[in-house]
Amino acid sequence: MELEFWWFWLLAGILLLVAEMVTGTFYLLWLGVSALVAAVLAYLFPELYWLPPAAASLSGVALIFLTKPLTARLRQVRGYTDPVHLLTNQYAEVLEPITPGKLGIVRVGTEVWSACAQEELLPGQRVLVVQQSSTVLQVVPIK
């Protein structure tokens with residue numbers, strides 16, 4: 001029994017989609033969809049060995065580059081709040097000391113975050129979150 005070429009593309013597509021479910025990045029989703037497109041083309045046109053890789057490459061690159069505009073459009077929907085801005089202007093408590101150039105730990109509500117500051121902050125001190133990146137908060141002391 002000979003294994004047909006389209007099975008490899010189908011297996012790659014399924015594995016990429018499963019990996020996407022674990023990571024949630026959207027990039028593996030598009031690569032998985034591209035591999036499934038290649039599987040369909042390899043099934044329909046088994047004699048054209050160049051067609052599935054070319055189609056997977058083109059569709060994968062196109063879908064990856066379309067991810068940013070699609071997500072930007074979704075962010076403009078009424079009622080959407082970007083979680084990046086949720087902690088700005090919130091009060092926090094320093095858990096581990098923060099010194100300029102070295103991260104410390106703060107608690108905002110029930111969450112614990114890495115934080116940086118322009119001056120030394122000691123544990124127990126109350127601070128205000130002035131900026132939030134994906135993983136680090138910029139804080140200032142409350143005077």
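The model is predicted: local features need pLDDT of at least 70, side-chain atom pairs count only at pLDDT 80 or more, and totals for chains, interfaces and linings use all residues. Residues are numbered from 1 along each chain as its sequence is written, and side-chain values use heavy atoms, with hydrogens and water left out.

**View 1. Buried residues of helix 2.** Helices (H or I, at least four residues) and strands (E, at least two) are DSSP runs, numbered from the N terminus. In helix 2, the buried residues are Trp30, Gly32, Ser34, Ala35, Ala38, Ala39, Leu41 and Ala42. Buried means under 20% relative accessible area, exposed means over 50%, and partly exposed lies in between (1.4 Å probe, protein chains only).

**View 2. Packing of helix 1 against helix 2.** Two packed helices are described by the angle between their axes and the distance between the axes. Helix 1 and helix 2 pack at an angle of about 165°, and their axes are 7 Å apart. Axes are lines fitted to C-alpha atoms, for helices over the stretch in contact; angles run from 0 to 180 degrees between N-to-C directions. Helix 1 and helix 2 are therefore roughly antiparallel. That term covers angles over 145 degrees; under 35 counts as roughly parallel, 65 to 115 as roughly perpendicular and the rest as oblique. Helix 1 brings residues including Leu10, Gly13, Leu17 and Glu20 to the contact. Helix 2 supplies, among them, Leu28, Gly32, Leu36 and Ala39. Contact means heavy atoms within 4.5 Å.

**View 3. Aromatic rings.** The structure holds four aromatic pairs. In one of them, the rings of Phe5 and Trp9 have centres 6.5 Å apart and planes at 90°, so this pair is edge-to-face. Rings of Phe, Tyr and Trp (its six-membered ring) pair if their centres lie within 6.5 Å; planes under 30 degrees apart count as stacked, over 60 as edge-to-face and the rest as tilted. Phe5 is partly exposed, with a relative accessible area of 37%. Trp9 counts as buried at 18%. Trp6 and Tyr43 also pair edge-to-face, 5.0 Å centre to centre with 75° between the planes. Trp6 lies in helix 1 (residues 6-23) and Tyr43 in helix 2, so their pair ties together parts that are 37 residues apart in sequence. Trp6 is buried, at 17% relative accessible area; Tyr43 is exposed, at 52%. Phe5, Trp9 and Tyr49 form one aromatic cluster.

**View 4. The loop between strand 3 and strand 4.** Ala117 lies in this loop, between strand 3 (111-116) and strand 4 (126-132). Ala117 counts as buried at 6% relative accessibility. Residues up to four places away in sequence aside, Ala117 touches Ile98, Thr99, Pro100, Gln138 and Val139. Ala117 and Leu103 are 14 residues apart in sequence; their C-alpha atoms are 8.0 Å apart. Glu120 is found in the loop between strand 3 and strand 4. Glu120 and Leu70 are 50 residues apart in sequence and 42 Å apart in space, C-alpha to C-alpha.

**View 5. The loop between helix 3 and strand 1.** Leu87 lies in this loop. At 11% relative accessibility, Leu87 counts as buried. Leu87 touches Val108, Glu111, Trp113, Val129, Gln132 and Leu137, not counting residues up to four places away in sequence. Leu87 and Pro97 are ten residues apart along the chain, and 20 Å separates their C-alpha atoms. Asn89 is also in the loop between helix 3 (51-75) and strand 1 (91-96). Asn89 counts as exposed, at 57% relative accessibility. Most residues other than glycine have a negative phi. Asn89 is not a glycine, yet has a positive phi of about 70°.
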